[in-house]
Amino acid sequence: MITEVMLGASIALIVMAGTYNTGMFILSRRRIRHPRSPRTQRIYVFLLACLNEEKVLAESLARITALPAGNFLALVIDDASDDRTAEIARAADPRRVHLLQRQLPDARKGKGAALNNGIHHLRSSGILDGYDPRDVIVCVVDADGRLDQHVIQAVDPYFDDPRTGATQVGVRMYNRHKGLLARLQDMEFVIYGDIFQSARRYIGSVGMGGNGQFMRLAALDTLSAGHGGGPWSDSLTEDLDLGVRLIARGWTNQHCTTAAVSQQAVLDVKRLVRQRSRWFQGHLQSANLVPMILREIPGRAAVDLLYHLSSPVLILLTSLLPLSFVVATAGAVIGSIEAGRLLVSPMWIIGPYLLSFTAAYAYGWVYSRREREVGLGRAVLLSHAFVLYGYIWFAAGWWGLWRMLTGKQTWLKTART
Amino acid sequence: MYGKPALGTVLPLAGLTAAPEVLPGIPFARALQEAAGAGFLLYCTFAVAILSAKIWFLFRNAGDHS
């Protein structure tokens, strides 16, 4: 009896995840209308926290300084780099690009600390004197981030709504043509943005992604109030943490589907698993947000965020199931060879295929609409590979859990190529 | 989390319980699936407790505003 209950529960786990994903897909297909309201002239400040970014920084700054909008600037926060990062920032257009150099031993304390220092510098240097914090939009961009040229025009209308605290744009991989792994990462971010983030606009639980993340300075101020340390936490996933705290302060997070920031895909499986392990560990740390969600976030958004924050647990649990499948399949093959006849019906394969890969058709359709050069047929084939690619999270999850249990907090950043 | 789409992709394991004959490795495969099920039951227990706390906060906040 107990065995049957546990087996049934494992099936319920899959059904729950499948139902949630299907619901999000349906919700993401709804169109959202933004009320028109009087336009305000705003200033955009791009923050780039950089630690040894000489390989990618020049290109990112070139794209930022070439933006067609008028009122913006960039602040490069050099986190005590050993390479030419500061030199590259100094060589950029001085009317647009400012440099803040952090020094050891205060530097290299994580991205959150660097960004907090950047906000403090913006205030203390007088750069923002005369601006209303409600009309200052701060954007976090990774050093390898390449913003679409129309990004400000795309994002600006979201801030016409005074309740909007932050807007996340889509994320793409600019080197997505360099092999299957890069392509699958591009697909991963497109699906996450176009299905999950889009659906979460209706739920009120849109998350922040750390790259291409636009925030109203007045909203960031509400996160700093009381402790003076700055809006960002020292979590490994400071973006997730910040997005949840903004919602808890009563701000609305938006997701913009009409502009994107492109970043560099990781081209090596081992480095990719390590990167995802870091994210996974940060996600586990974010469990400390649960009391705040319970107290301060309204019902529907709270339930979705709690599910989102608990997804690492679900990933660890579901990781046992493919392993079970592999063992059973191997057993079936060995048993059939020993018996000299097929011990399972070939029809058994059809069910697993339909159950596993039906989602691939939806993902392929979504991706083909975003990436027109990849036709629907090829996108569907790619999304079959994408379903298997998702299993990377299982390895990353156990690694991240192990690091957390053994008290390891430090991570080498993902190297640029 | 970006891995969320992967959660819905392990459905084939549901078919394991319907394996028609006893095969080598099946006991271990079933044990893995049972472990996942047991973990999920524990997850549901925590989820019920947390959602109960949320409902309590909702009623308390509604009382504060009335």
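A residue counts as buried here if 20 or more other C-beta atoms lie within 10 Å of its own, with C-beta atoms placed from the backbone. Keep that cut-off in mind for helix α8 of chain A, residues 238–248: 10 of its 11 residues are buried, so α8(A) is largely enclosed by the rest of the structure. Bear in mind that this is a predicted model.

**Helix α8**
- Just past the end of α8(A), Gly250(A) takes a positive phi of about 95°.

**The chain as a whole**
- Chain A is built from 15 helices and eight strands.
- For 417 residues, a compact globule would have a radius of gyration near 22 Å, and chain A comes in at 23 Å, which agrees.
- The C-alpha trace of chain A spans about 80 × 45 × 45 Å along its principal axes.
- Of the 417 residues in chain A, 49% are buried.
- Looking at contacts in chain A with a separation of 6 or more, 79% come from residues 24 or more positions apart.

**Where α1 meets α6**
- Helix α1 (residues 2–28) and helix α6 (residues 180–203), both of chain A, pack at an angle of about 75°, and their axes are 8 Å apart.
- That angle makes α1(A) roughly perpendicular to α6(A).
- On the α1(A) side, the contact uses Met24(A), Phe25(A), Leu27(A) and Ser28(A).
- Their partners in α6(A) are Asp194(A), Ile195(A), Phe196(A), Ser198(A), Ala199(A) and Tyr202(A).
- Sorted by class, this α1(A)–α6(A) contact has seven nonpolar, two polar and one charged residues.

**Where α9 meets α15**
- Helix α9 (residues 269–285) and helix α15 (residues 392–405) of chain A pack at about 55°, with axes 7 Å apart.
- So α9(A) is oblique to α15(A), and α9(A) passes α15(A) in a right-handed crossing.
- From α9(A), the residues in contact include Leu272(A), Val273(A), Arg276(A) and Phe280(A).
- Across from them in α15(A), look for Trp393(A), Ala396(A), Trp399(A), Gly400(A) and Arg403(A), among others.
- The class count for the α9(A)–α15(A) contact is 11 nonpolar, four polar and two charged residues.

Key:
Residues are numbered from 1 along each chain as its sequence is written. Chains are lettered from A and ligands numbered from 1 in the order in which they are written. This is a predicted model: local features need pLDDT of at least 70, side-chain atom pairs count only at pLDDT 80 or more; totals for chains, interfaces and linings use all residues. Axes are lines fitted to C-alpha atoms, for helices over the stretch in contact, and angles run from 0 to 180 degrees between N-to-C directions. Helices (H or I, at least four residues) and strands (E, at least two) are DSSP runs, numbered from the N terminus. Angles under 35 degrees count as roughly parallel, over 145 as roughly antiparallel, 65 to 115 as roughly perpendicular and the rest as oblique. Two residues are in contact if their C-beta atoms, placed from the backbone, lie within 7 Å. Ala, Val, Leu, Ile, Met, Phe, Trp, Tyr, Cys and Pro count as nonpolar, Asp, Glu, Lys and Arg as charged, and the others, Gly among them, as polar. A residue is buried if 20 or more other C-beta atoms lie within 10 Å of its own, exposed if 12 or fewer, and partly exposed in between; C-beta atoms are placed from the backbone. The radius of gyration is taken over C-alpha atoms; the globule rule is 2.2 Å times the number of residues to the power 0.38. A crossing is left-handed if the near helix is turned anticlockwise from the far one by less than a right angle, and right-handed if clockwise.
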